[in-house]
Structure formats: structure tokens, C-alpha cells
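My entries follow the order of the search.

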Amino acid sequence: MNEFLRQLEIQRWDDHRYYHHSTINQSLHLVSAISFVVAYGLLFVDPPLAALLAWCVSMTTRQAGHFFFEPRGYDHVNEATHEYKEQIKVGYNLRRKVVLMAIWVLLPLVLWFDRSFFGLIAPSADLWGYARDVGWLWLALGAGGLVFRTVQLFFLQGVTTGLVWATKILTDPFHDIWLYHKAPLKLLRGQLIDPAHGRRPAR
């Protein structure tokens, strides 16, 4: 258990120091984290609605921060190139995220033209039913993406690494709220790059 927690802390710290320099990105992660926590609660009462919230708000804000606002140049704080960071990324690097987000966009289009989704579900009768079916598909995509990368990591880097990464992903919303709750204030001060980046936050 101690080794598991140690690796979890390492993965969290590497994720923060390599991929969250921008206070805009951090602020978007805060919005994402709060909406993810709400989506977690909705999972117990309305799973497709939870998936719609998670993908339309949580994932779009989170990934927009990475794709549009995080610096891509040489990382002087960590002495690493963008290419190196993409290569060592444990989870979904930008290339893998493009594939995941492309599937996310394509699923509603496929369902629009085939409301039974190749005979796997009962066709919806109205737009709300269609939206809920999209929610179910996105829920399956999220779970499938998590399981796929976890199992892939089992073979690439070991079972412990895969389980640690899955734990990190599932608990990131709670950790990000604690980690980035001050990001909007830094942004309002005009600090586009976190001045404290590279220093471990006090616990």
C-alpha cells in the first residue's frame, strides 16, 4: 500500500509539473473538476445525464486547457521538451486525446443516422431520448477509455502503474479542486504562468 501511494503521488506530481503551467489551464481544470464531482453524484441517480455533463462540460474545459493554453515550447522549469513530455506521458497524451475526442464527436453522428446503434439499443422516439442514448454511449466510451488504457499499461509498465493511473484519473477531480482553487485569482492578477509552478504545494 505504501508503494502504491508513493507511485500515486509521483504520477500526480509529474502530471502537475509537466502539463499545468498555465493559470488558464489550471482555472479550466477547476471548472472541470467541480463539474466532474457533480457528475459523479449524478451517476447514482441519472447515469446518462451524468455522462452528458461530464463530456460536454468537464472534458471540454479540461482538454481545451491542454490543447489551447498550455505552453508547447521548451519547459525550462523541468528541463524537458514538449516532445519528451508527450513520449513519457503515462495516460493520454495529446495524440491519444485526439483519437478519444474524435470518437466522442463521431458517436452522436453515428447514432443520429442509426438510432438503434447497429441494433444494440431500442431506437429513441424523440430528441430527449436521443440525447439520453448519446449519454449512455459517452458513458460507455469513458469507462472503455479508462479500462483500455489501464490494461494497456499493465503490459507496457506493469499492473501497479496501470492501477495507480486509474486511481489517479478517478480521483483527479477532488485533487484538482484542492490543487487549483487559487488559479482564478492568479489569473485575475495577470499571472498567465503559475509563478509557483515547479514547487510542490504545501500540504
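**Entry 1: the H2–H7 contact**

I listed the contact (heavy atoms within 4.5 Å) and found Gln-26, His-29, Leu-30, Ala-33, Ile-34, Phe-36, Val-37 and Tyr-40 of H2 against Ile-169, Leu-170, Pro-173, Phe-174, Asp-176, Ile-177 and Tyr-180 of H7. By class, the contact of H2 with H7 holds 12 nonpolar, two polar and one charged residues; Ala, Val, Leu, Ile, Met, Phe, Trp, Tyr, Cys and Pro count as nonpolar, Asp, Glu, Lys and Arg as charged, and the others, Gly among them, as polar. Helices are DSSP runs (H or I, at least four residues), numbered from the N terminus.

The model is predicted, with pLDDT of at least 70 required for local features and 80 or more for side-chain atom pairs, while totals for chains, interfaces and linings use all residues. Residues are numbered from 1 along each chain as its sequence is written, and side-chain values use heavy atoms, without hydrogens and water.

I then took the geometry: H2 and H7 pack at an angle of about 130°, their axes 8 Å apart. Axes are lines fitted to C-alpha atoms over the stretch in contact, and angles run from 0 to 180 degrees between N-to-C directions. H2 is therefore oblique to H7 (angles under 35 degrees count as roughly parallel, over 145 as roughly antiparallel, 65 to 115 as roughly perpendicular and the rest as oblique).

**Entry 2: the largest pocket**

I looked up the largest pocket (an open set of points on a 1 Å grid, with protein on both sides within 12 Å along at least five of seven lines) and noted a volume of about 1100 Å³. Of its 44 lining residues (an atom within 4 Å of a point), Met-59, Leu-146, Trp-165, Ile-169 and Leu-170 are the closest to the centre. The lining of the largest pocket divides into 26 nonpolar, 11 polar and seven charged residues.

**Entry 3: the cavities**

I searched the whole structure for cavities (points where a 1.4 Å probe fits but cannot get out) and found two of 30 Å³ or more. The largest cavity has a volume of about 150 Å³. Its lining has 14 residues, with Tyr-19, His-66, His-82, Glu-86 and Leu-94 nearest the centre. H4 gives the most to this lining, with three residues.

The second largest cavity has a volume of about 40 Å³. H7 gives the most to the lining of the second largest cavity, with six residues. Asp-176 and Tyr-180 are among the residues that line the second largest cavity, and both also belong to the H7 side of the contact with H2.

Terms used: Grid points are joined across faces, edges and corners, and a volume is the space filled by probe spheres set on the points. Helices (H or I, at least four residues) and strands (E, at least two) are DSSP runs, numbered from the N terminus.
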